[in-house]
Amino acid sequence: MAAERQGGRGGAEENKENERPAGTRADGLSDSLGLEILQIVKESQQQHGLRHGDFQRYRGYCSRRLRRLRKTLNFKMGNRHKFTGKKVTEEILSDNRYLLLILMDAERAWSYAMQLKQEANTEPRKRFHLLSRLRKAVKHAEELERLCESNRVDAKTKLEAQAYMAYLTGMLRFEHQEWKAAMEAFNKCKTIYEKLANAFTEEQAVLYNQRVEEISPNIRYCAYNIGDQSAMNELMQMRLRSGGTEGLLAEKLEALITQTRAKQAATMSEVEWRGRTVPVKIDKVRIFLLGLADNEAAIVQADNEETRERLFESLLSECRDAIQAVREDLKPDQKQREHSLEGDSGKVSNIQYLHSYLTYIKLSTAIKRNESMAKSLQKALLQQQRSEEDGKRTPRPQDLIRLYDIILQNLVELTQLPGLEEDKSFQKEIGLKTLVYKAYRCFFIAQSYVLVKKWSEALVLYERVLKYAGEVQSGAGAFTNSLKELPDVQDLITQVNAEKYSLQAAAILDANDNHETESPSQVKDGKPLSERFETFCLDPSLVSKQVSLVHFPPGFQPIPCKPLFFDLALNHVAFPPLEDKVEQKAKSGLTGYIKGIFGFKS
């Protein structure tokens, strides 16, 4: 079956290759050949491995497509025993599939180079092969550009071929660290795609604009290496806005940002938190604290939920690395504290306090991330009716309950941080935040009870929400600024009051509906079908999978047991006397023994 499916897929792809290209006449000639180069490249990459970064799979796809194209066009390179090289020339350029043939050659060489780039991290010798494959890809792109200069090719394909050639040339120069040449090639590619985007409709321009956005960080990086210091800030902003850089620039940009922050960290010696100044001697912690403000600003400015989630994950990952670095220095510090005086045991050391500060950042970031996810789920709940019409899975209040459980657990961990047990203000602030999130958690638990029509439980939980919200409002006098970032409890109170009246009305209507619709013919007494053949009853369960036909397992029934026999005549039986036997046995003694030995018998 697997072979049949594979053969069917290969046959479908081969039929696709056999289709006559648009704009070609029946005699094989065409007035104007055209090829959507960027669209073909992007669709092939997304559908055959590059969505997950699998360049080897994409290279295999390019090889198979090349084989099909050569077979379809009868453009074979010899036979099994002998290779005969052929080149596509302008004279045989009667079909746009000849252009596609060269494009797939270039894509195969490029994908192999990117595969080697991934492997070169652990095997540096593969970098030489990487550069060789990139040069091969550029060579095929030059051939494609040369063929597109023909009068048979339309103007749009000529421009796309030039942009494709400039893109691959820029990547090759980038790997050779020829920054000026790479920047010129990328700028040429960017200019062509911007002109193409302005010349067509918005739907067609999306693809060209995406390519321009991919190229822009490479141009900034080249400018930085040439000497433009302002390009560094733009690179960091691009990275933060996008939630991370992918492709050719990823490793180089991360190393550059780390190097820049390391230079700035040389001047950073201490940090102040909650009235205490702590020296920072670990370079990894310095680098993290320097980039903390930029990361938080990027999260606030993120355009969509997906980008914001990536930025949160990146920040949490950096924070975990910093905490691990502090933890390694904390072990010898704890051994020293064990031998210290008891009078100083109430105050934690500087390294322990720094560990508490980083843990506070990590837990606070996790709370913000979960709160952001909760807000997006709440928006989805408001659009629930529309989602049900579209046939998509709708979010439920239970999804939000889990998020608020995690937030409350993080707040409990915050109250247990070493060095903050005696900080009354901090403990009071965390207590108020806990009440806020408890109120929201109770609210969504009540919403889940409403869905299953448990009106009493939901009403009790709504009253608990109002209690928590009232405690927050009464105790939030000096902590107004710290509670601004939290959800507004006043909005929650207003919503709960409205939900209470709706709940009471729904409960009354539900009770009336049950009373009106209940009838003797629909009352089910729980008896199986075998015991109510004489009575008619509308039982919808008879057509379901859980139909009740008989009692199973069957109940116990009394049955007669096996009789027991008692020997009652034994007490009334007179046994024969045995005195004669006893006397005869008494006479036999030593004499009888001797007679037995010598053979005498009486």
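Biologist: Is cysteine 222 buried or exposed?
Modeller: In this predicted model, cysteine 222 is buried, since its relative accessible area is 0%.

Biologist: And cysteine 62, buried or exposed?
Modeller: Cysteine 62 also counts as buried, with a relative accessibility of 0%.

Biologist: How many disulfides does the structure hold?
Modeller: There are zero disulfides in the structure. As a reminder, a disulfide is a covalent bond between the sulfur atoms of two cysteines.

Biologist: Let's step back, what is the chain built from, in helices and strands?
Modeller: The chain has 20 helices and two strands, and of its 602 residues 39% are buried.

Biologist: Which helices should I look at for packing?
Modeller: You could begin with helix α2, residues 37-47, and helix α6, residues 155-175, whose axes come within 9 Å and cross at roughly 55 degrees. At that angle α2 and α6 are oblique to each other.

Biologist: Which residues meet there?
Modeller: From α2 they are Ile37, Leu38 and Val41, and these meet Thr157, Glu160, Ala161 and Tyr164 in α6. Sorted by class, this contact of α2 with α6 has five nonpolar residues, one polar and one charged.

Biologist: How does α2 cross α8?
Modeller: The axes of α2 and helix α8, which covers residues 202-226, come within 10 Å and cross at roughly 75 degrees, so α2 is roughly perpendicular to α8. On the α2 side the contact is made by Leu38, Gln39, Val41 and Lys42, and on the α8 side by Leu207, Tyr208, Arg211 and Glu214. Four of the residues in this contact of α2 with α8 are nonpolar, one is polar and three are charged.

Biologist: What about α11 and α13, what angle do they make?
Modeller: Helix α11, residues 283-300, and helix α13, residues 350-382, cross at roughly 40 degrees, with axes that come within 13 Å. They are therefore oblique to each other, and α11 passes α13 in a left-handed crossing. Val285, Phe288, Leu289 and Leu292 of α11 make the contact with Leu354, Tyr357, Leu358 and Ile361 of α13. That contact of α11 with α13 has eight nonpolar residues, with no polar and no charged ones.

Biologist: Changing topic, where is valine 496 found?
Modeller: Valine 496 is in helix α18, which covers residues 489-517, and valine 496 is buried, given its relative accessible area of 0%. Leaving aside residues up to four places away in sequence, valine 496 touches Phe443, Tyr462, Val465 and Leu466.

Biologist: How far apart are valine 496 and tyrosine 462?
Modeller: In sequence they are 34 residues apart, while in space they are 6.4 Å apart, taken from C-alpha to C-alpha.

Biologist: Which residues other than glycine have a positive phi?
Modeller: Asparagine 74 is one of them, with a phi near 55 degrees. Asparagine 74 sits in the loop between α3 and α4 and counts as exposed, because its relative accessibility is 57%. Glutamine 177 is another, with a positive phi of about 60 degrees. Glutamine 177 is found in the loop between α6 and α7, and at 48% relative accessibility glutamine 177 counts as partly exposed.

Key. Residues are numbered from 1 along each chain as its sequence is written. This is a predicted model: local features need pLDDT of at least 70, side-chain atom pairs count only at pLDDT 80 or more; totals for chains, interfaces and linings use all residues. Side-chain values use heavy atoms; hydrogens and water are left out. Axes are lines fitted to C-alpha atoms, for helices over the stretch in contact, and angles run from 0 to 180 degrees between N-to-C directions. Helices (H or I, at least four residues) and strands (E, at least two) are DSSP runs, numbered from the N terminus. Angles under 35 degrees count as roughly parallel, over 145 as roughly antiparallel, 65 to 115 as roughly perpendicular and the rest as oblique. A crossing is left-handed if the near helix is turned anticlockwise from the far one by less than a right angle, and right-handed if clockwise. Contact means heavy atoms within 4.5 Å. Ala, Val, Leu, Ile, Met, Phe, Trp, Tyr, Cys and Pro count as nonpolar, Asp, Glu, Lys and Arg as charged, and the others, Gly among them, as polar. A disulfide is a pair of cysteine sulfur atoms within 2.5 Å. Buried means under 20% relative accessible area, exposed over 50%, partly exposed in between (1.4 Å probe, protein chains only).
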